[in-house]
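Hi,

Here is the structure I promised to pass on.

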Amino acid sequence: VVAMTVADDASDTRRLAEAMKGRVGLILFAGGDGTARDIAGVVGEEVPILGIPAGVKMHSAIFARNPESAGRGAAEFLKTDRARTQRAEVLDIDEAARREGRLSTSLYGVVRTPDAAQVLQGAKAGGGGGLGELDAALGIYVAGMEPDTLYLLGPGTTMAALKARLSGHEGSLLGVDVARGGEIVAANASERDLVALLEGAPRARIALSVVGGQGFLLGRGNQQISPRVLRKVGLKNIDVFCASEKLARLSPAVLSVDTGDSRLDAELAGYRPVMTGANKSQVVRIAA
């Protein structure tokens, strides 16, 4: 047992990780990429680590797909002394790129994690090239926006290209913005902001893109679009955009959701069209 008084900041995380080296078979932690960086910087490849997704950013390849799979993966790993590990990258947002309006990740270390492909999410893929055909689809979508409908626009480079076609506030790269009547009326909105705006809206839609390399549609970087928000908007009123090249690189070729509400995740599961170009779409399976 490791007993320690903590004040809940990064230095405490690093102290706890240091205390666990050589004393535990697995470090199971809850948080996001920042916490992963703190732990990785201390333990390196000495102790396997596995993340329970509970942060805003989870781009690293050491996070389970959801809290339940983290528990299953940890239990399976600790059942045997010969459990296999694999090397995995710890990633985080490149702040310099973000300030330039680009969404990119940087490598902050390599660690060991349980070798369990069915448990782990993949690492986020880089931004890649231009939007190509998808840019035309975004233009058509903006032109067809109904003036009395509230549009909740998710984060990411694809959605940033959509937001750039609207007037009003400058759209945020990493936040959820709200548009109505061809202009952005709320930038970087919180869940409370979204709920308040939805109260007076006769109709609403949600526009999302897919996290490259991971395939996450909800639950990674867009937690403001909560189960409460999703139910207010309606699950049929979700529009998904993704370049066909990005879809082709997904392995497995499915989209994932992790809203924190298992019943809602089950309702979202199934097949959904994904817009990949001008008047072009691809039907993709969503797995909870």
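Let me start with a question: which residues does Ile225 touch, not counting residues up to four places away in sequence? They are Val176, Leu194, Ile206, Leu208, Leu218 and Leu230, where contact means heavy atoms within 4.5 Å.

Before you read on, a word on the ground rules. This is a predicted model, so residues are numbered from 1 along each chain as its sequence is written, local features need pLDDT of at least 70, side-chain atom pairs count only at pLDDT 80 or more, and totals for chains, interfaces and linings use all residues. Side-chain values use heavy atoms, with hydrogens and water left out.

**The core**

Ile225 also turns up in the largest nonpolar core, which has 33 residues. Those with the most contacts inside that core are Leu152, Leu194, Ile206, Ile225, Val229, Leu230 and Leu255. A nonpolar core here is a set of buried Ala, Val, Leu, Ile, Met, Phe, Trp, Tyr and Cys residues joined through side-chain atoms within 4.5 Å. Buried means under 20% relative accessible area, exposed means over 50%, and partly exposed is in between (1.4 Å probe, protein chains only).

**Strands**

Helices (H or I, at least four residues) and strands (E, at least two) are DSSP runs, numbered from the N terminus. Strand β9 covers residues 203-209, and five of its seven residues are buried, so it is largely enclosed by the rest of the structure. Two strands pair if DSSP finds at least two bridges between them. β9 runs parallel to β5, with five bridges joining them, and Thr149 stands opposite Arg203 in β9. β9 also pairs with β11 in the parallel sense, over four bridges, and there Ser209 stands opposite Phe241 in β11.

Val257 is in strand β12 (residues 255-257). Its relative accessibility is 4%, so Val257 counts as buried. Val257 and Leu218 are 39 residues apart in sequence, yet 4.8 Å apart in space, C-alpha to C-alpha. Leaving out residues up to four places away in sequence, Val257 touches Phe216, Leu217, Leu218, Asp265, Leu268, Ile286, Ala287 and Ala288.

**Aromatic rings**

A search of the whole structure finds three aromatic pairs. Rings of Phe, Tyr and Trp (its six-membered ring) pair if their centres lie within 6.5 Å; planes under 30 degrees apart count as stacked, over 60 as edge-to-face and the rest as tilted. Tyr141 lies in helix α5 (residues 133-143) and Tyr151 in strand β5 (residues 149-153), so the pair ties together parts that are ten residues apart in sequence.

Tyr141 and Phe241 also form an edge-to-face pair, 5.0 Å centre to centre with 85° between the planes. Phe241 is in strand β11 (residues 238-241), so its pairing with Tyr141 in helix α5 ties together parts that are 100 residues apart in sequence. Tyr141 and Tyr151 are both buried, and Phe241 is buried too. Ring pairs link Tyr141, Tyr151 and Phe241 into a cluster.

There are charges over rings as well (NZ of Lys or CZ of Arg within 6 Å of the ring centre and within 35 degrees of the ring normal). Arg37 lies over the face of Tyr108, 3.7 Å from the ring centre, and the charged end of Arg220 sits over the ring of Phe216, 4.0 Å from its centre.

**Salt bridges**

With a side-chain nitrogen of Lys or Arg within 4 Å of a carboxyl oxygen of Asp or Glu as the rule, the count comes to 18 salt bridges. Lys280 and Glu133 meet in one of them (3.0 Å, N to O). Lys280 lies in strand β14 (residues 280-287) and Glu133 in helix α5, so this pair ties together parts that are 147 residues apart in sequence. Lys280 is partly exposed at 38% relative accessibility, and Glu133 is partly exposed at 46%.

Finally, Glu18, Lys21 and Glu46 are linked in a network of salt bridges.

Cheers
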